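Welcome, and take a moment to look over the model before reading on. The sequence and the structure come up next, and a short tour comes after them.

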Amino acid sequence: MNNTYILGLYTNPDDLYDPGKLTPTGERYNEMVCNRLYELLAYTGPPAKKGEVRVFYNIDEEFSMVAVVGVGRECQGYDVFEQMDEGKEAIRIASSTGCRALQKMSVKRVYIESFGHAESAAEGAALAVWLYQEKKNKKYQIYIPQLELYDDCDWTGWQIGLQKAAAQNLARQLMDTPANMMTPTSFAQNAVEVLCKSGINVEVKLKDPANRPYFLELSYYGAYRDERPVVLIGKGLTYNSGGICLKPTNRQRFMRGEMGGAACIVAACRAVAGLQLPINIRALIPLCENMPGCAAMRPGDIVKAMNGKSIKIESTDSAGRLCLADALVYAQNFWPRFIVDVGTMTNDMKHSLVLLRVAYGVTPEALWEYMLAASMHTGDRVWRFPLWEHFTKLTTGFHATDVKTWGLGGRPVRCGGACRTAAFLNEFVPCGDWLHVDIYGVILSNGKDYPYLREGMSGRPTRTLVEFLSHRNKHIKFENATDPEPIFHLVPDPWTEPVVRTLLEV
């Protein structure tokens with residue numbers, strides 16, 4: 001197929017007789033084809049509403065197909081009630097809708113206008129055309145076209161959008177890979193494979209070769225070496241069956257995504273390195289599986305954390321908070337500016353805020369405001385839950401141990417489970433600022449709520465993490481940034497690379 005093109009059309013949903021108005025780029029193209037585009041739009045009936053598409057063929061010699069997509073209202077912006085930049089979200093939806101329509105035609109290259117914001121257009125397009133098809137017969141795989149910016153000089157914004165989308169797609173691939181292929185060993189291997197190419201140092205720590213839980217320590221230096229780093233922590237349970245306290249079958253179907261926090265941290269670090277953000281980062285990722293077995297933990301077991309506090313395990317199903325506890329304590333070794341941990345922590349998130357992700361914080365208001373502002377730009381809206389002393393007492397007020405994993409008000413009665421989890425983790429946070437992000441409610445995409453995310457693992461909130469870190473460091477050194485590489489292919493197990501074997505022996 002020849003080149004294809006995506007243009008935008010503004011419409012007013014409150015005016016039933018509004019014929020629609022092309023974007024400035026669309027107007028220029030319409031003049032070039034002697035007003036033929038408006039004529040064809042008139043023949044197709046009502047104008048394309050937000051998220052709708054009209055495809056036309058052979059309008060001119062340069063483009064074999066032209067897709068006109070509805071962008072919604074002109075001059076949309078930040079909605080104070082929705083806490084989101086609706087203009088940027090409309091652009092992501094428009095570019096994704098057009099790309100999906102043209103991708104069905106197996107086109108090789110798609111030219112996309114910026115719709116007024118090249119970064120958002122790139123994000124929507126690159127997220128929309130990607131899908132997990134690693135194990136499908138290549139004969140039946142959907143072709144992913146090459147995306148190009150057209151009629152706009154904002155190349156920098158376009159490349160930043162592609163970098164962010166590539167990072168989220170990386171997280172989606174890690175999360176969607178089945179658990180038998182994405183074991184702790186495989187995850188560590190792929191982290192080394194991906195991040196070392198980006199200039200990020202990866203140290204793989206292995207304590208017991210028999211059980212093979214890993215601890216990844218990532219280091220990125222974009223500022224002076226003596227500048228205090230930001231510490232990012234990602235929950236890395238590559239599969240969580242619940243252990244002896246086995247989860248129901250319908251809840252185990254998506255437990256391959258339990259390492260979503262770790263996947264987002266790896267992907268965000270890759271994007272930070274690609275964008276050359278002037279910031280120092282230390283990322284900590286504990287990797288393991290939670291399965292039944294003769295060596296599995298039992299309800300009632302008591303273990304000691306790195307800071308000396310005793311923890312009573314009331315259910316082996318709540319393994320994620322145990323993984324993060326020692327990582328939070330270990331973070332104090334780096335004298336961090338602040339700590340952000342990300343993980344799929346509590347099923348309560350699906351019942352309270354299904355499509356939103358939730359952040360807690362023992363933090364100055366300014367740090368929360370940065371996270372809130374980042375979410376407004378990316379469309380991954382956040383909501384701050386309380387971390388009251390009440391929840392701390394529910395997890396620590398016992399005579400036998402310092403902390404319990406459930407605490408008072410635990411199952412079968414639901415009583416602020418997400419808040420109690422944050423209170424539990426707060427017992428292991430060193431002095432300083434801390435932000436906890438529970439992403440359980442947003443790891444899956446149904447393919448409808450966000451047109452730029454197909455059905456499957458969502459990779460959220462990778463772009464928000466990158467945006468958050470860039471908000472903390474406004475000046476992005478992008479002149480020498482590299483274009484995002486294609487999504488990696490999983491390296492077969494066992495590992496054969498000498499450099500990887502050396503890292504594993506650390």
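**Before we start**

This is a predicted model, in which local features need pLDDT of at least 70 and side-chain atom pairs count only at pLDDT 80 or more, while totals for chains, interfaces and linings use all residues. Residues are numbered from 1 along each chain as its sequence is written, and side-chain values use heavy atoms, leaving out hydrogens and water.

**The chain as a whole**

The chain holds 15 helices and 22 strands. Helices here are DSSP runs of H or I with at least four residues, strands are runs of E with at least two, and both are numbered from the N terminus. Of the 506 residues in the chain, 58% are buried; buried means under 20% relative accessible area, exposed means over 50%, and partly exposed lies in between, using a 1.4 Å probe and protein chains only. Among contacts with a separation of 6 or more, 75% link residues 24 or more positions apart, where contact means heavy atoms within 4.5 Å.

**Strands side by side**

Strands of a sheet pair through backbone hydrogen bonds, either parallel or antiparallel. In this model two strands count as paired if DSSP finds at least two bridges between them.

| Strands | Sense | Bridges |
|---|---|---|
| β9 and β10 | antiparallel | six bridges |
| β10 and β13 | antiparallel | eight bridges |
| β12 and β13 | parallel | four bridges |
| β15 and β19 | parallel | two bridges |

Glu 203 has Glu 217 in β10 as its bridge partner, while Ser 219 stands opposite Arg 282 in β13. Tyr 239 also has a counterpart in β13, namely Glu 289. Strand β12 (residues 236-240) is mostly covered, with five of its five residues buried.

Elsewhere, three strands make an open sheet in the order β14-β15-β19, with mixed pairing. Because β14 and β19 (403-404) stand at the edges with a single partner strand each, one side of each is left without a neighbour in the sheet. Within this sheet, Lys 312 stands opposite Lys 404 in β19.

**Two covered helices**

Helix α13 (residues 417-426) has nine of its 10 residues buried, so it is largely enclosed by the rest of the structure. Among those buried residues are Arg 420, Thr 421, Phe 424 and Leu 425.

In α9, nine of the 11 residues are buried, so this helix too is largely enclosed by the rest of the structure. Its buried residues include Cys 323, Leu 324 and Tyr 330.

Not counting residues up to four places away in sequence, Arg 321 touches Met 345, Thr 346, Thr 405, Trp 406, Thr 421, Phe 424 and Leu 425. Arg 321 and Thr 346 are 25 residues apart in sequence, and 9.7 Å separates them from C-alpha to C-alpha.

**Nonpolar cores**

A nonpolar core is a set of buried Ala, Val, Leu, Ile, Met, Phe, Trp, Tyr and Cys residues joined through side-chain atoms within 4.5 Å. The largest one has 61 residues, and those touching the most other members include Phe 187, Leu 216, Leu 218 and Ile 285. Helix α8 (residues 260-275) gives the most to this core, with 12 residues. Apart from this core lies another, of 32 residues, among them Met 65, Cys 99, Ala 122 and Val 129.

Beyond residues up to four places away in sequence, its contacts include Leu 195, Val 202, Val 266, Ile 281 and Ile 285.

**The largest pocket**

A pocket is an open set of points on a 1 Å grid over the protein atoms alone, where a 1.4 Å probe fits, with protein on both sides within 12 Å along at least five of seven lines; lining residues have an atom within 4 Å of a point. The largest pocket has a volume of about 1,400 Å³, volume being the space filled by probe spheres set on the points, which are joined across faces, edges and corners. Its lining has 39 residues, and the closest to its centre are Pro 213, Leu 287, Cys 288, Met 297 and Cys 323.

Which element gives the largest share of the lining of the largest pocket? That is α9, with six residues. Other elements giving two or more residues include β10 (214-221) and β13 (280-290). By type, the lining divides into 24 nonpolar, eight polar and seven charged residues; Ala, Val, Leu, Ile, Met, Phe, Trp, Tyr, Cys and Pro count as nonpolar, Asp, Glu, Lys and Arg as charged, and the others, Gly among them, as polar.
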